[in-house]
Amino acid sequence: MNSLESLKIDLKGLKDEETSLEFTLDDTYLEALDGADVKKGSLHVSVSIRKATGFFEFNFHTDGEIVIPCDRCLDDMTLPVDTDNCLIVKLGSVYSEEDDVIVVPENEGILDMAWLIYEFVALVIPIRHVHAPGKCNPAMTQALEELSSDRSSDEESNQPIDPRWAKLKDLNISK
Ligand SMILES: [Zn+2]
């Protein structure tokens, strides 16, 4: 059974009023999700499913860490994950997802949690995520600093310049 298959829950097969499941998800899970931006991580997910009249209540607790590129230096950075989420799952005629209510086709009765868990994790990622101060890739930090100082000091630079450029400058001024 691959890691994505085990995240499919057969709702009609749930016999007990309460079911608790535990999953350990790693890079294999993230890589198997076609189109996921996050490719590396290590997550632990606890799911408790409560059977009620006409619906199932799913409570998720996900913790661990994911590895994503830093916005500033583009090196990998580790982001901690610790999130609780609740979903109401019902059986109906066609699949639908609205707010926290998911309708699963009754003839299949399968809830695929793979993307749902990924979405919980993706919500934890801040829009701008960078390494802690001083932890960025030093080479990239230096390159970025040089780039920004080049831009600001170009005009008032007193360095001797190539005579051909000096001529061009004169031409520009006399225009
Ligand atoms: Zn960084």
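Donors are N, O and S atoms within 2.8 Å of the metal (3.2 Å for Na, K and Ca), and water is not among the atoms, so sites may look incomplete. In this chain the donor residues of the zinc ion follow the spacing C-x2-C-x57-H-x4-C. The model is predicted: local features need pLDDT of at least 70, side-chain atom pairs count only at pLDDT 80 or more, and totals for chains, interfaces and linings use all residues. Residues are numbered from 1 along each chain as its sequence is written, and side-chain values use heavy atoms, with hydrogens and water left out.

**Zinc site**
- Cys70 (SG), Cys73 (SG), His131 (ND1) and Cys136 (SG) coordinate the zinc ion at 2.0 to 2.4 Å.
- The site is tetrahedral, with angles of 103 to 116 degrees among the 4 donor atoms (four donors count as tetrahedral if all angles lie between 85 and 135 degrees).
- Both His131 and Cys136 are buried (buried means under 20% relative accessible area, exposed over 50%, partly exposed in between, with a 1.4 Å probe and protein chains only).

**Chain**
- The chain holds 4 helices and 8 strands (DSSP runs, H or I of at least four residues for helices and E of at least two for strands, numbered from the N terminus).
- From the N terminus, the order of elements is β-β-α-β-β-β-β-β-β-α-α-α.
- Of the 175 residues in the chain, 30% are buried.

**Positive phi outside glycine**
- Leu74, not a glycine, has a positive phi of about 70 degrees; Leu74 lies in the loop between strand E4 (55–69) and strand E5 (76–92).
- Leu74 is exposed, at 57% relative accessibility.

Methods
Tetrahedral: all angles 85-135°; square planar, octahedral: opposite > 155°, others 65-115°.
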